Amino acid sequence: MSEPILSINELYYSYPNRTDALCGISTEILPGQKIAVVGSNGAGKSTFFLNLNGVLHAHNGEIRYKGTVINKKNLTELRKNVGIVFQDADNQIIASTVRSEVGFGPMNLKLPKEEILSRVEQALAYMNLSEFIDRPPHYLSGGEKKRVSIADIIAMKSEVIIFDEPMAALDPINAQMLEDVLFKLEQEGKTLMISTHDVDFAYRWAERILVFADGNIIADGEPTDIFSQNDILTRANLKKPILLQLYETMVHNRMLPEISSSPRNLVEFQTLIENHCNNPNFVPVT
């Protein structure tokens with residue numbers, strides 16, 4: 001089993017004049033994992049992410065990056081290797097051109113100029129943004145701004161990439177673009193964490209689900225296991241994914257056999273139906 005890339009131990013965080021936003025969070029993140037973080041608004045997801053990236057500093061507890069406890073002296077190492085893409089791209093974009101925006105992070109790492117330029121060009125090509133290199137980012141469309149904010153993190157070559165509600169306000173074309181980018185990052189071995197209210201996306205994409213409620217992680221496991229626990233869904237104000245609902249309904253009505261691992265995407269669901277219908281013992285329900 002791989003050593004954790006991030007270890008979080010008894011993390012507490014409170015905002016002024018508010019109750020605790022994080023109430024002793026402990027978990028480990030392994031290299032290359034695809035993790036969806038779900039829960040209602042105010043459950044602690046964004047606060048958790050901002051602590052992992054070093055934007056916020058926990059009042060108690062510790063974060064370890066590759067076994068090393070993070071403190072003020074090595075905080076830059078955490079920020080360099082754990083990148084975050086914010087929900088609202090306008091909150092992340094600060095520069096006057098796409099070129100300077102994507103180059104801002106590498107420049108702060110004090111890299112040679114040639115390395116900065118190379119990273120900017122690579123990141124923009126990765127996100128299909130090369131033609132926008134001299135454009136003011138604030139005049140781009142919402143989907144284009146989101147791509148620029150992702151290019152920011154790609155240029156940093158972060159090992160862990162956190163996305164805070166990345167699908168928010170994206171049209172279907174840009175949402176699919178984002179999933180394509182996630183697939184590319186997955187193929188490169190990046191560790192990916194995504195907070196989302198889209199349970200259908202979380203169910204089909206993630207290999208691990210963290211469920212937040214009231215500043216606590218109340219469940220941690222594989223998607224099928226998590227979304228099959230009605231008490232957890234109720235406590236976290238979550239709905240069951242549509243595909244899982246459909247599968248369970250068809251199993252209940254003896255239209256499909258129950259299998260050890262329920263289908264998590266349309267291809268798997270279609271394959272299950274075809275295999276069942278091609279079974280010589282198949283008898284249609286009348």
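These legends accompany an overview and close-up views of a predicted model.

**Figure 1. Overall fold of the predicted protein.** The protein holds 11 helices and 10 strands. Its radius of gyration is 21 Å, close to the 19 Å from the globule rule for 286 residues, so the protein is as compact as a globular protein of that length. Along the principal axes, the C-alpha trace spans about 70 × 45 × 35 Å. Of contacts between residues at least 6 apart in sequence, 64% join residues at least 24 apart.

**Figure 2. Surface and charge of the protein.** Buried residues account for 49% of the 286 residues. The protein exposes about 14900 Å², and carbon and sulfur atoms supply 50% of that area. There are 27 positive and 36 negative charges. Side chains of opposite charge can pair when their charged atoms come close. The count for this model is 10 salt bridges. Among them are the pairs in the close-ups below, Lys34 with Glu186, Glu159 with Lys66 and Arg119 with Glu115.

**Figure 3. Close-up of the salt bridge between Lys34 and Glu186.** The closest N and O atoms of Lys34 and Glu186 are 3.4 Å apart. Lys34 sits in strand E3 (residues 34-38) and Glu186 in helix H6 (residues 172-187), so this pair ties together parts 152 residues apart in sequence. Lys34 has 13% relative accessibility; it counts as buried because that value is under the 20% cut-off. Glu186 is partly exposed, at 28% relative accessible area.

**Figure 4. Close-up of the salt bridge between Glu159 and Lys66.** Here the closest N and O atoms are 3.1 Å apart. Both partners are loop residues. Glu159 lies between helix H5 (142-156) and strand E7 (160-164), and Lys66 between strand E4 (60-65) and strand E5 (68-69), so the pair ties together parts 93 residues apart in sequence. Glu159 is partly exposed, with a relative accessible area of 26%.

**Figure 5. Close-up of the salt bridge between Arg119 and Glu115.** The closest N and O atoms of this pair are 2.9 Å apart. Both residues belong to helix H4 (residues 113-126). They are 4 residues apart, about one turn of the helix. Arg119 is buried, with a relative accessible area of 12%. Glu115 is partly exposed, at 29%.

How values were computed:
Residues are numbered from 1 along each chain as its sequence is written. This is a predicted model: local features need pLDDT of at least 70, side-chain atom pairs count only at pLDDT 80 or more; totals for chains, interfaces and linings use all residues. Side-chain values use heavy atoms; hydrogens and water are left out. A salt bridge is a side-chain nitrogen of Lys or Arg within 4 Å of a carboxyl oxygen of Asp or Glu. Helices (H or I, at least four residues) and strands (E, at least two) are DSSP runs, numbered from the N terminus. Buried means under 20% relative accessible area, exposed over 50%, partly exposed in between (1.4 Å probe, protein chains only). The radius of gyration is taken over C-alpha atoms; the globule rule is 2.2 Å times the number of residues to the power 0.38. Contact means heavy atoms within 4.5 Å. Accessible areas come from the Shrake-Rupley method with a 1.4 Å probe; for residues, only the protein chains shown count as cover. Lys and Arg count as positive and Asp and Glu as negative; His and the chain ends are not counted. The place of a charge is taken as NZ of Lys, CZ of Arg, CG of Asp or CD of Glu.
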